[in-house]
There are 2 protein chains.
Amino acid sequence: MAFQSQLDRLDVVLISPRNPLNIGAAARAMANFGFTQLAVVAPYEPHWREARSAVGAPELLAKARQTAMFAEAVSDSTLVIGTATLTRRKPEQPVVQLPDLAPIVRHELARDGRVALVFGSEKRGLTAEDLAHCHLLVEIPTDPRQPSMNLGQAVAVCLYEIASRVGQPLAIGTSTLPLDQASTPKDLRANLRSPGGDPPATTSELDRLARIVEETMLAANYSPAAMRKANRHDLHLLLRRLALTRPDARRILGLFRRILWRLHHCDGQAKD
Amino acid sequence: MAFQSQLDRLDVVLISPRNPLNIGAAARAMANFGFTQLAVVAPYEPHWREARSAVGAPELLAKARQTAMFAEAVSDSTLVIGTATLTRRKPEQPVVQLPDLAPIVRHELARDGRVALVFGSEKRGLTAEDLAHCHLLVEIPTDPRQPSMNLGQAVAVCLYEIASRVGQPLAIGTSTLPLDQASTPKDLRANLRSPGGDPPATTSELDRLARIVEETMLAANYSPAAMRKANRHDLHLLLRRLALTRPDARRILGLFRRILWRLHHCDGQAKD
């Protein structure tokens with residue numbers, strides 16, 4: 001079941017969902033489209049696992065992960081995709097429309113990556129802080145007059161799009177047509193990116209790298225304290241945009257460790 | 001508004017829905033994807049128009065048609081499409097998979113037809129009697145192990161598919177790509193990489209960056225002299241693979257300049 005094992009490497013991540021019925025609806029849609037991995041970050045209601053709306057998906061709900069922090073939920077992810085309907089603020093990441101998402105997800109799963117599809121809370125969607133963890137945003141093409149979708153419906157629409165256009169069709173019926181198997185105009189994310197077939201860096205590796213770069217910035221007195229938060233935000237976005245492989249991340253980490261060591265050993269001896 | 005008038009000729013028909021929340025959810029999804037015409041056949045609950053789940057769609061719900069019989073609801077339709085998840089019984093009509101539906105709907109609307117998209121009740125789906133009114137069945141490609149979808153989610157998935165692949169895209173935003181243009185790897189690559197429209201770094205900028213990183217490696221005593229040439233080679237490859245924008249390159253250059261300055265000012269004072 002090579003295809004199933006690919007679907008098992010896609011995590012649906014719900015951030016601070018308020019209504020357990022929506023969590024159950026998300027679980028039900030996951031089961032409908034063959035996905036199995038749910039993570040719930042800081043849910044509002046502690047008894048969310050009992051949601052009656054999870055028709056056909058009680059096991060999926062029972063073994064869902066619960067984490068306190070978003071970063072924890074995506075620590076193993078190599079591609080973190082934030083979802084939005086109509087993008088109000090100017091996004092800092094690349095944005096793709098949902099109908100164009102499947103090849104990107106397919107490519108990442110095919111090269112043994114792990115994809116997180118992230119949904120913000122019912123009220124606020126994804127915050128700027130949440131977005132800093134995302135490599136990419138996907139926009140569901142809704143009517144500008146009524147862009148805000150129900151959470152359970154948004155999950156269903158996204159998973160339908162990915163399941164029905166990633167790899168083989170799930171449903172096998174007499175009338176089932178093979179969907180868009182080879183060809184693909186757009187093996188974009190890594191055709192270009194990972195020539196040696198190296199695995200992509202995980203979120204936790206990127207975060208480790210971000211920490212040491214930030215530490216180096218401090219040690220080198222790179223920017224005033226007032227800029228620290230903005231720099232950290234920019235650094236997160238930059239690291240995600242670069243689509244580093246694991247060897248890339250390790251090499252850069254090694255370089256910065258060395259730099260940091262030198263900087264610490266001359267601390268106070270350099271004059272600004 | 002030729003396109004809107006086409007969407008206004010698609011009726012969503014719900015047959016004997018039991019839960020008003022599902023009717024409201026269907027209305028919400030219709031508003032999300034630009035559809036306006038709802039018909040409810042023999043609803044179980046008389047006060048369905050008050051469903052609180054119809055977020056952003058109270059008017060749509062208020063002017064929805066209510067009929068006693070299915071035939072009445074589709075009396076003006078030129079193409080009646082029944083929806084199902086996994087077809088258990090041998091269908092008497094042609095069956096298309098949802099990902100293949102849009103061209104059929106588009107064709108019918110373009111020739112001034114009127115399309116009905118019909119959903120059965122939560123418990124039973126469409127009965128044999130209902131099916132007799134349908135020209136065509138559409139199957140949502142669900143996992144055979146859990147084919148049964150929530151009604152509101154099924155409506156959302158079907159309308160998303162039709163809206164996002166019939167005619168023009170609905171969403172118009174600064175970042176929205178025309179859907180049928182993102183078809184070449186080049187386009188996708190450009191769209192993915194440079195959200196703010198920043199120009200890519202030039203070769204000379206990359207080379208400048210490479211030189212300063214290399215100088216920093218030396219200053220930090222990063223690697224033995226024998227490795228220098230191999231490191232330079234890897235660094236060149238890496239910088240090209242990252243597809244940095246010009247602002248990226250400048251920012252990284254600034255950081256390394258600062259690091260280098262610090263390293264030079266403590267030269268000879270750090271002990272290895």
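At what angle do helix 9 of chain B and helix 11 of chain B pack, and how far apart are their axes? Before the answer, a word on the model: it is predicted, so that local features need pLDDT of at least 70 and side-chain atom pairs count only at pLDDT 80 or more, while totals for chains, interfaces and linings use all residues. Residues are numbered from 1 along each chain as its sequence is written, and chains are lettered from A and ligands numbered from 1 in the order in which they are written.

In chain B, helix 9 (residues 203-219) and helix 11 (residues 246-265) pack at about 25°, with axes 9 Å apart; axes are lines fitted to C-alpha atoms, for helices over the stretch in contact, and angles run from 0 to 180 degrees between N-to-C directions. Helix 9 of chain B is therefore roughly parallel to helix 11 of chain B, a term for angles under 35 degrees, with over 145 being roughly antiparallel, 65 to 115 roughly perpendicular and the rest oblique. The residues that make the contact include Leu206(B), Leu209(B) and Ile212(B) of helix 9 of chain B, and Ile252(B), Phe256(B) and Leu260(B) of helix 11 of chain B, where contact requires C-beta atoms, placed from the backbone, to lie within 7 Å. By class, the residues of this contact are twelve nonpolar, two polar and five charged; Ala, Val, Leu, Ile, Met, Phe, Trp, Tyr, Cys and Pro count as nonpolar, Asp, Glu, Lys and Arg as charged, and the others, Gly among them, as polar.

Turning to chain A, the axes of helix 9 (residues 203-219) and helix 10 (residues 228-241) come within 10 Å and cross at roughly 135°, and these two helices of chain A are therefore oblique to each other. Among the residues that meet there are Leu206(A) and Met217(A) of helix 9 of chain A, and Leu235(A) and Leu239(A) of helix 10 of chain A, in a contact with seven nonpolar, two polar and three charged residues.

Chain A also holds an open sheet of seven strands, paired in parallel in the order 3-2-1-6-4-7-5, where two strands pair if DSSP finds at least two bridges between them. Its edge strands, each pairing on one side only, are strand 3 (65-67) and strand 5 (95-97) of chain A, and the twist averages 25° from one strand to the next. Within chain A, strand 4 (residues 79-84) and strand 6 (residues 115-119) pair in the parallel sense over four bridges, and Gly82(A) has Val118(A) in strand 6 of chain A as its bridge partner. Helix 7 (residues 151-165) of chain A lies across strand 1 (10-15), strand 4 and strand 6 of chain A, running at about 150° to strand 6 of chain A; helices (H or I, at least four residues) and strands (E, at least two) are DSSP runs, numbered from the N terminus.

Note on methods:
Two residues are in contact if their C-beta atoms, placed from the backbone, lie within 7 Å.
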